[in-house]
Amino acid sequence: MEKKTIYALSTPLGRGGIGVIRVSGPDALDVYSQMVRVATSGSAKGKQKEVAPEPWKMRRCSIVHPESQEVLDEGMAVFFKAPHSFTAEHTVELHTHSGTALLSSVLSSLALFPNLRPAQPGEFTKRALLNGRLDLTQVEGIKDLIDAETEEQRKSAVRAVGGHVKREMDNIREDVIKCLALLEALIDFGEGEDLEEGIYDQAVEKAHGLVHTIESHLADARRGEIVRSGIKLSIFGPPNAGKSSLLNFLSQRDAAIVTPIPGTTRDILSLSLDVGGLPVIISDTAGLRQTKDMVENIGIERAHQAVHDSDVRLCVLSLPELRGTSSTIDLADLAPEYVKPLLSPEDTCILLNKSDLSQSMMPETVMLARKPLPFWVVSLTEGIGTKGFLDGLQRHLKDRYELGADSTSTPPLITRERHRTHFVEALQFLQAFLDTPREEPVPAAEELRYAAQAIAKVTGRIDVENVLDIVFSEFCIGK
Ligand SMILES: Nc1nc2c(ncn2[C@@H]2O[C@H](COP(=O)(O)OP(=O)(O)O)[C@@H](O)[C@H]2O)c(=O)[nH]1
Ligand SMILES: [Mg+2]
């Protein structure tokens with residue numbers, strides 16, 4: 001027989017203040033009755049006994065071995081009665097002190113119960129999903145919340161766990177189904193006889209609105225996905241400009257080798273940093289130049305790839321080596337030839353380094369293809385301008401990626417490629433609906449059904465909708 005009740009240690013294994021062991025399933029109460037002993041006011045001093053648990057109430061107790069009744073630890077226990085638990089099943093939590101031998105004595109006691117088995121990874125959450133307590137976007141949110149390393153990642157995950165994504169997706173899906181309901185009514189009852197005129201037009205209008213909504217969610221520059229996985233920032237430029245010095249400055253340690261010899265950095269060196277709450281993965285790359293050195297050439301090829309793959313390109317140039325005389329630096333003229341192909345006006349910021357060696361006047365604008373680029377002037381070795389640069393970079397990244405810290409920007413809905421794929425799919429079906437001639441309502445309705453299914457895949461809600469219910473609840477059909 002399949003063992004339906006699962007157990008696992010929910011806190012990290014090892015020494016700590018407390019450890020929490022979770023048991024979920026139909027036999028969870030057995031664990032409570034055999035392993036939890038509570039001192040009651042009526043019992044003799046020091047004498048503890050088995051009591052029926054009061055749901056959702058934490059109790060001070062002894063946790064005992066289910067057979068020998070030997071006390072394993074003094075702790076706490078709580079019983080969550082189905083369906084009001086995380087998994088929607090009966091759940092018992094045993095809170096003990098945390099130590100390896102102690103925890104394994106509790107876990108091996110649980111193994112003695114014939115109907116219990118250890119949980120698989122994520123199985124408690126999987127049950128919560130299967131029992132309808134959470135949808136897929138909330139499950140993903142829980143994982144992201146646990147994995148969150150920066151403030152913005154945490155905020156985004158909390159929104160998903162709280163059902164923000166689910167609600168939004170459900171709304172969109174409901175609108176598609178309303179659209180479908182109009183068509184179904186039309187197919188079943190025929191326009192102009194039992195139904196009012198203009199039903200098809202209503203459906204088309206709704207579908208246009210949906211296309212607009214979905215398109216605006218898709219046009220989010222992948223902000224949500226980027227913050228979830230980390231903003232990829234590549235440092236590139238000619239040799240000896242100070243790229244590796246910059247990486248070391250940002251990471252506040254000597255991660256990269258810095259020497260006056262051009263061509264020192266050959267392979268890509270990446271580090272994860274928290275920049276003002278945003279997760280940033282910074283890569284230092286080999287300096288771009290012409291060389292016969294085979295290893296360096298491979299490094300340069302990798303540098304190109306890294307720059308192309310990055311979300312933000314930070315180009316480091318040596319200020320004294322820029323020959324300009326005016327206060328405007330036009331990179332189309334002045335940037336080194338090997339660097340030019342990697343400068344893209346949308347994604348590039350410029351760091352002008354070695355200001356301590358520069359005699360010329362301070363640049364006021366840095367241009368590329370008539371577009372001003374964000375830029376900063378520093379001396380990394382002398383520590384001049386570095387504070388302004390850090391603040392500026394932080395502001396630049398926040399403007400691009402921050403998730404609704406101020407009330408003007410709405411946080412992006414899409415935080416995963418998976419969501420995007422289904423959204424694009426839904427959009428295509430809606431377009432197909434709009435492209436279907438209105439004389440063919442049956443295939444047109446089919447496209448809408450697919451669109452609704454595509455959105456349902458985001459939340460994992462793929463049950464069959466009773467479209468007729470909506471038809472009857474929303475309009476009055478004949479008499
Ligand atoms: N004078 C001066 N030298 C610097 C500055 N930043 C870096 N350097 C020096 O320039 C050389 C090359 O630096 P590195 O970071 O290895 O450059 P990379 O080749 O671009 O990675 C080293 O000798 C650094 O000490 C600066 O702001 N001023
Ligand atoms: Mg270097």
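A residue counts as buried when its relative accessible area is under 20%. Glu93 has a relative accessible area of 14% and is therefore buried. The model examined here is predicted.

Glu93 forms a salt bridge with Arg22. The closest N and O atoms of this pair are 3.8 Å apart. The two partners come from distant parts of the chain, 71 residues apart. Glu93 belongs to strand E7 (residues 91–98), while Arg22 belongs to strand E2 (residues 16–24). Arg22 has a further contact: it lies over the face of Phe124, at 5.2 Å from the ring centre.

Side chains of opposite charge can pair when their charged atoms come close. In total, the model holds 26 salt bridges. One of them joins the side chains of Arg60 and Glu74, with an N to O distance of 4.0 Å. This pair also links distant parts of the chain, 14 residues apart. Arg60 sits in strand E5 (residues 59–64), and Glu74 sits in strand E6 (residues 71–80). Arg60 has 55% relative accessibility and so counts as exposed. Glu74, at 34% relative accessibility, counts as partly exposed.

Another salt bridge lies within a helix. Lys155 pairs with Glu152, and their closest N and O atoms are 3.2 Å apart. Both residues lie in helix H5 (residues 151–161). They are three residues apart, about one turn of the helix. Their accessibilities fall into separate classes. Lys155 is partly exposed at 25% relative accessibility, whereas Glu152 is buried, with a relative accessible area of 2%. Elsewhere, salt bridges with shared partners form one network. Its members are Glu140, Asp144, Arg228, Arg416 and Arg418.

Aromatic contacts were examined next. A pair of aromatic rings is described by the distance of the centres and the angle of the planes. The structure holds three aromatic pairs. One of these involves Trp376 and Phe389, whose ring centres are 5.3 Å apart. Their planes meet at 70°, so the pair is edge-to-face; the cut-off for this class is over 60 degrees. Trp376 lies in strand E17 (residues 375–377) and Phe389 in helix H12 (residues 386–401), so the contact ties together parts that are 13 residues apart in sequence. Both Trp376 and Phe389 are buried.

Helix H12 also contains His396. His396 has 17% relative accessibility and therefore counts as buried. The C-alpha atoms of His396 and Gly385 are separated by 16 Å. Along the chain, these two residues are eleven residues apart.

Val295 is placed in helix H10 (residues 294–309). Val295 has a relative accessible area of 45%, so this residue is partly exposed.

Notes. Residues are numbered from 1 along each chain as its sequence is written. Chains are lettered from A and ligands numbered from 1 in the order in which they are written. This is a predicted model: local features need pLDDT of at least 70, side-chain atom pairs count only at pLDDT 80 or more; totals for chains, interfaces and linings use all residues. Side-chain values use heavy atoms; hydrogens and water are left out. Rings of Phe, Tyr and Trp (its six-membered ring) pair if their centres lie within 6.5 Å; planes under 30 degrees apart count as stacked, over 60 as edge-to-face and the rest as tilted. Helices (H or I, at least four residues) and strands (E, at least two) are DSSP runs, numbered from the N terminus. Buried means under 20% relative accessible area, exposed over 50%, partly exposed in between (1.4 Å probe, protein chains only). A charge sits over a ring if NZ of Lys or CZ of Arg is within 6 Å of the ring centre and within 35 degrees of the ring normal.
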